[in-house]
Amino acid sequence: DGCGHTVLGPESGTLASINYPQTSPNSTVCEWEIRVKPGQRVQLRFGDFDIDDSDSCHSSYLRVHNGIGPTRTEIGKYCGFGFQMDGLIKSRSNEVTVQFMSGTHTSGRGFLASYSTTDKSDLITCLENASHFSEPEFNKYCPAGCVIPFAEISGTIPHGYRDSSSLCMAGVHAGVVSNTLGGQINVVISKGIPYYEGSLANNVTSRVGPLSTSLFTFKTSGCYGTLGMESGVIPDSQITASSILEWSDQTGQVNIWKPENARLKRPGPPWAAFISDEQQWLQIDLNKEKRITGIITTGSTLPEHYYYVSAYRILYSDDAQKWMVYREPGIDKDKIFQGNTEYYQEVRNNFIPPIIARFVRINPLKWHQKIAMKVELLGCQFSIGRAPKFTMRPPPPNSNNDKNDAFSDDFMHSVRTSLETDKTTFTPEIKNTTVTPSVTKDVALAAVLVPVLVMVFTTLILILVCAWHWRNRKKKTEGTYDLPYWDRAGWWKGMKQFLPTKSADHEETPVRYSSSETSRLRPREVPAMLQTESAEYAQPLVGGMVGALHQRSTFKPEEGQEGSYADRDPYSSPAPELYHAYAEPLPITAPEYATPIVMDMCGHGSAPLGAAPVSTFKAAGAQGALPAGPYDSLSCRTESPASARALYDTPKGQPGPGAAAELLYQVPQGLPH
């Protein structure tokens, strides 16, 4: 009477003392006989061990034996509070006997242990959780029987499970391993989330959980997509049932709950059987063989009709004539799946190993009020060579089977479900995947190379665009001699110290300067001459006719324009017919006054270009009274020296050209009148 939680599978299992993890009762005893396949050995691992050792293992102890029966031999006898047994206890044969004896004691939880065949070197117990491991990813073997009432899990797939959850119990909930068989799990640790959902799956209830620092999920083959009930890929004609519920409401309207209503998450009523008994079924034709890994069910989803199926069996067939009842390998009983506990919640059950079939039937065994349900099948495509078919007829739903029939069914099931799918000719289309897919090295390499290639090509494109833009700007600026508006004055200030002065004997060029005194004259009535006086004065810049410009001109005229005396003066001339006149910058050693400009208005019509007249401008015509400004005036020169009156601008520190002459000074260039 001292046996607690016990599941003994063909390759692994779990056993615990009575009342674990509470204090075990006094004077109790339990003995487990473990057998595995011949030729294999058994290994035993303790998850918790807490047995009173006050009497030196005399009345309370755990004893392990090689073999079963009178010929067994003892491997070891163990007791102690909080006893740590890090290693594995291994047998010398395929049979082991475990004996627990509880004497008189006041404390002690007892023990919990797991076993497996010795080829499972990474065996863990049902008490292990993710926080016990530091690796971000690891593989472990979970024994059978890890759905234990005293363990808890929080979370669901695909979001993940809280790190405090039992690894193996979460693996059963996720459909990765079977509670009856156990199996290998591939665990991935990642950052936690603020909230963990709860759900019911594979007879395991996951509870809502709070924030945690980390979570874990499982890597699987990914064959958990929906097969077409919800999406409508399976047409209505391929969904049939044993009977259909028809009834009229108070208004006289006829309600028909047809089989095609049994689509998960579709609004409206479900499928419901006309008669509620164990002979009813809902059948789904997948059109071809599929690899079916699970099923999701709900009740009516209508609050006013609180109907649901709480337990059911699964049958499958290739031709809808010969049906097989789903059983787990090594188990001689039909698998009874837990259904819903209320009308709306979704409940998932997984098939381990998967079913390979075209037709699937759900046979309700227990229900609430009426048989009513909505379903969805999970799985993926299946396309490989078929195994030999067996024509034995499965047992009817309510019949008992002899051992030969059970053996035949198990053999048939194991043959059909042991086929490998690594030769699939195409990748199945999977949606709503419920587990984390495997991450391959190729995917990781592509994740690195693709961003690098994108950055390289983007850089090349930017370089080409910039080069093209720079070349176009360069072409636009070729051929122009003007400076940008923002640097004209500053450029001259920095460059005038490098420009030499004009030589005195350079060719004189016609020029016309703008002034308020000459603005009333027409351009061609005043033939102007440029005079070079002394080297200490900077020679005026040649302006006017383009053909007269020499190589030392300060500015180059714009292309396409002909120079003439009609060019406009942008400086001080109010008359529109005046033209530009530019002055060359002074050299560094030159005086700070520019060349004087003397206007001779005495009517001389022309003068040879080679002469060096005193005045800069000569005009033909009668003498007239000219207005005199406050700073300068015009003087007339005749052929007689006595009548000549020259006005010069005297440099600083030098006497004027004539002591008796009346001197009027012209404002230096660049200053306002």
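A disulfide (a pair of cysteine sulfur atoms within 2.5 Å) joins Cys3 to Cys30, with an S to S distance of 1.5 Å. The model is predicted: local features need pLDDT of at least 70, side-chain atom pairs count only at pLDDT 80 or more, and totals for chains, interfaces and linings use all residues. Residues are numbered from 1 along each chain as its sequence is written, and side-chain values use heavy atoms, with hydrogens and water left out.

The S-S torsion of Cys3 and Cys30 is about 95°, so this disulfide is right-handed. The pair links distant parts of the chain, 27 residues apart. Cys3 belongs to strand 1 (residues 3–8) and Cys30 to strand 3 (residues 28–35). Strands (E, at least two residues) and helices (H or I, at least four) are DSSP runs, numbered from the N terminus. Burial is given by relative accessible area: buried means under 20%, exposed over 50%, and partly exposed in between (1.4 Å probe, protein chains only). Cys3 is partly exposed, at 39%. Cys30 is buried, at 3%.

The whole structure holds five disulfides. One of them joins Cys142 to Cys168, S to S 2.1 Å. The torsion about its S-S bond is about -85°, so the disulfide of Cys142 and Cys168 is left-handed. Cys142 lies in strand 10 (residues 137–142) and Cys168 in helix 1 (residues 167–174). These are distant parts of the chain, 26 residues apart. Both Cys142 and Cys168 are buried.

Cys223 and Cys380 form a further disulfide, with sulfur atoms 1.9 Å apart. Its torsion is about -100°, so the disulfide of Cys223 and Cys380 is left-handed. Cys223 sits in the loop between strand 16 (214–220) and strand 17 (225–226), whereas Cys380 is in strand 27, so the bond ties together parts 157 residues apart in sequence. Cys223 and Cys380 are both buried. Elsewhere, Cys466 is exposed, with a relative accessible area of 52%.

Just after helix 1, Gly175 takes a positive phi of about 85°.

Nonpolar cores were defined as sets of buried Ala, Val, Leu, Ile, Met, Phe, Trp, Tyr and Cys residues joined through side-chain atoms within 4.5 Å. The largest has 29 residues. Those with the most contacts inside this core are Trp271, Leu282, Ile284, Ile314, Phe351, Ile355 and Ile362. Two or more residues come from each of strand 18 (239–241), strand 22 (282–298), strand 23 (308–317), strand 26 (347–368) and strand 27 (372–381). Apart from this core lies another, of 26 residues, among them Phe138, Met169, Val172 and Val176. In soluble globular proteins, nonpolar side chains tend to be buried together.

Contact means heavy atoms within 4.5 Å. Leaving aside neighbours within four places in sequence, Leu282 is in contact with Ile239, Thr240, Ala241, Pro259, Ala262, Trp271, Val360, Arg361, Ile362 and Val375. Pro270 lies in the loop between strand 20 (254–257) and strand 21 (271–272). At 0% relative accessibility, Pro270 is buried. Not counting residues up to four places away in sequence, Pro270 touches Trp257, Lys258, Asn261, Gly299, Ser300, Leu302, Ala372, Met373 and Lys374. Of these, Lys258 is twelve residues from Pro270 in sequence and 7.5 Å away in space, C-alpha to C-alpha.

Aromatic rings of Phe, Tyr and Trp (its six-membered ring) pair if their centres lie within 6.5 Å; planes under 30 degrees apart count as stacked, over 60 as edge-to-face and the rest as tilted. The count comes to 18 aromatic pairs. In one, the rings of Tyr326 and Phe351 have centres 5.4 Å apart and planes at 50°, so the pair is tilted. Tyr326 is in the loop between strand 24 (324–325) and strand 25 (337–338), and Phe351 is in strand 26, 25 residues apart. Both Tyr326 and Phe351 are buried. Ring pairs also link Trp32, Phe46, Phe49, Phe100 and Phe111 into a cluster.

Charged groups also sit over rings (NZ of Lys or CZ of Arg within 6 Å of the ring centre and within 35 degrees of the ring normal). The charged end of Lys77 is over the ring of Tyr61, 4.3 Å from its centre. Arg361, a contact of Leu282, lies over the face of Trp281, at 3.8 Å from the ring centre.
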